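Please look through the sequence and the 3D structure shown here, and then read the report that follows, which moves from single residues to the whole chain.

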Amino acid sequence: MVEVVPSILSADFARLGEQIAAVEAAGARMLHVDVMDGHFVPNLTVGPPVVRSIRNVTRMILDVHFMLAEPERYIGPFVEAGADQISVHQETCPHLDRTLRLIQSEGARAGVVLNPATPVTMLEEVLELADFVLLMSVNPGFGAQQFIPRTLDKVRALDRRRRELGLRVPIEIDGGVHQHNIAEVVQAGVNWVVAGSAIFHSPDPGAAFSELQRLAREATAVRV
Ligand code: DX5
Ligand code: ZN
């Protein structure tokens, strides 16, 4: 089943609990938390204490997207704080196989993320190991950027490859997805669609989530 995954990056952090409750009440099953370090990406966000606070107020799956140099250092603290799954950028991991196994050994699901400029062929040797793949459809660091259309070709190529290998590894996409393009994204083969500004820049985040989820689920009906 396709899932829309709200990203709190665009939420009002002074009303975070309330906004999380709104999307959960609207039916969200996963919540995306962006962790940025000011080195790998030119922005800073949240650390384990915030994840712990979120963990205390929701049952949603916490999908933590690391945009960090040396991600290995932070896996333990974030899992302990309540992350259910952690994704790491291939571009930050010289020992990607080891890092994915480390996430799994800590008890979380391990995802691998690719920047827009990184080809999906870079995943070939870890496709069977990773629990999911996240394709960036914007350059990471900020919310509310323009969707990069070439990402759809990457989704289709990865979807083809997972079928050839007989794998069910979910494909997640992150960045620039709104009501006008979510159907196209889902039809290309995406399973989990992250949406930040499309949900939290709306006056009614719960309703915005529901509308995206409806459009996404309708689009699965016409997937080839
Ligand atoms: C960007 C983050 C995204 C961000 C997406 O680096 O990884 O998760 O919240 O925001 P939108 O949906 O507004 O493009
Ligand atoms: Zn993200």
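## Glycines in two loops

Gly-176 has its place in the loop between β7 (171-174) and α6, where helices (H or I, at least four residues) and strands (E, at least two) are DSSP runs, numbered from the N terminus. The model is predicted, so that local features need pLDDT of at least 70 and side-chain atom pairs count only at pLDDT 80 or more, while totals for chains, interfaces and linings use all residues. Residues are numbered from 1 along each chain as its sequence is written, chains are lettered from A and ligands numbered from 1 in the order in which they are written, and side-chain values use heavy atoms, with hydrogens and water left out.

Is Gly-176 buried or exposed? Gly-176 is buried, because its relative accessible area is 14%; buried means under 20% relative accessible area, exposed over 50%, and partly exposed in between (1.4 Å probe, protein chains only). Apart from neighbours within four places in sequence, Gly-176 is in contact with Val-138, Gln-145, Phe-147 and Asn-181, where contact means heavy atoms within 4.5 Å. The C-alpha atoms of Gly-176 and Pro-49 are 28 Å apart in space, and these residues are 127 apart in sequence.

Gly-196 belongs to the loop between β8 (192-195) and α7 (197-200), and with a relative accessible area of 16% it is buried. Not counting residues up to four places away in sequence, Gly-196 touches Ser-7, Ser-10 and His-201.

The table lists pairs of residues with their separation along the chain and the distance between their C-alpha atoms.

| Pair | Separation in sequence | C-alpha distance |
|---|---|---|
| Leu-62 and Gln-85 | 23 residues | 6.4 Å |
| Ala-183 and Arg-217 | 34 residues | 8.5 Å |
| Gly-196 and Val-41 | 155 residues | 17 Å |

## A strand residue and a helix residue

Leu-62 is placed in strand β3 (residues 61-67), and it counts as buried because its relative accessibility is 0%. Leaving aside neighbours within four places in sequence, the contacts of Leu-62 are Leu-31, Val-51, Ile-54, Arg-55, Gly-82, Ala-83, Asp-84 and Gln-85.

## Positive phi angles

Which value does phi take in Glu-70? In Glu-70, which is not a glycine, phi is positive, at about 50 degrees. Glu-70 is found in the loop between β3 and α3 (72-81), and with 47% relative accessibility it counts as partly exposed. Ala-144 is a residue other than glycine whose phi is likewise positive, near 60 degrees. Ala-144 lies in the loop between β6 (132-136) and α5 (151-165), and at 53% relative accessibility it counts as exposed.

## The nonpolar cores

In soluble globular proteins, nonpolar side chains tend to be buried together. A nonpolar core is here a set of buried Ala, Val, Leu, Ile, Met, Phe, Trp, Tyr and Cys residues joined through side-chain atoms within 4.5 Å. The largest such core has 65 residues, and those with the most contacts inside it are Phe-66, Ile-86, Leu-100, Ile-182 and Val-193. Helix α8 (residues 205-220) supplies the largest share of this core, with five residues. A second, separate core consists of five residues, including Val-5, Met-30, Phe-132 and Trp-192.

Val-193 touches Val-2, Glu-3, Val-4, Val-5, Ile-173, Val-177, Ile-182, Val-185 and Val-186, when residues up to four places away in sequence are not counted.

## The chain as a whole

The protein chain has eight helices and eight strands, and 54% of its 224 residues count as buried. Among contacts between residues at least 6 apart in sequence, 65% join residues at least 24 apart.

How does the radius of gyration fit a compact globule? For 224 residues such a globule would have a radius near 17 Å, and the 16 Å of the protein chain agrees with this; the radius is taken over C-alpha atoms, and the globule rule is 2.2 Å times the number of residues to the power 0.38. Taken along the principal axes, the C-alpha atoms fill a box of roughly 45 × 40 × 30 Å.
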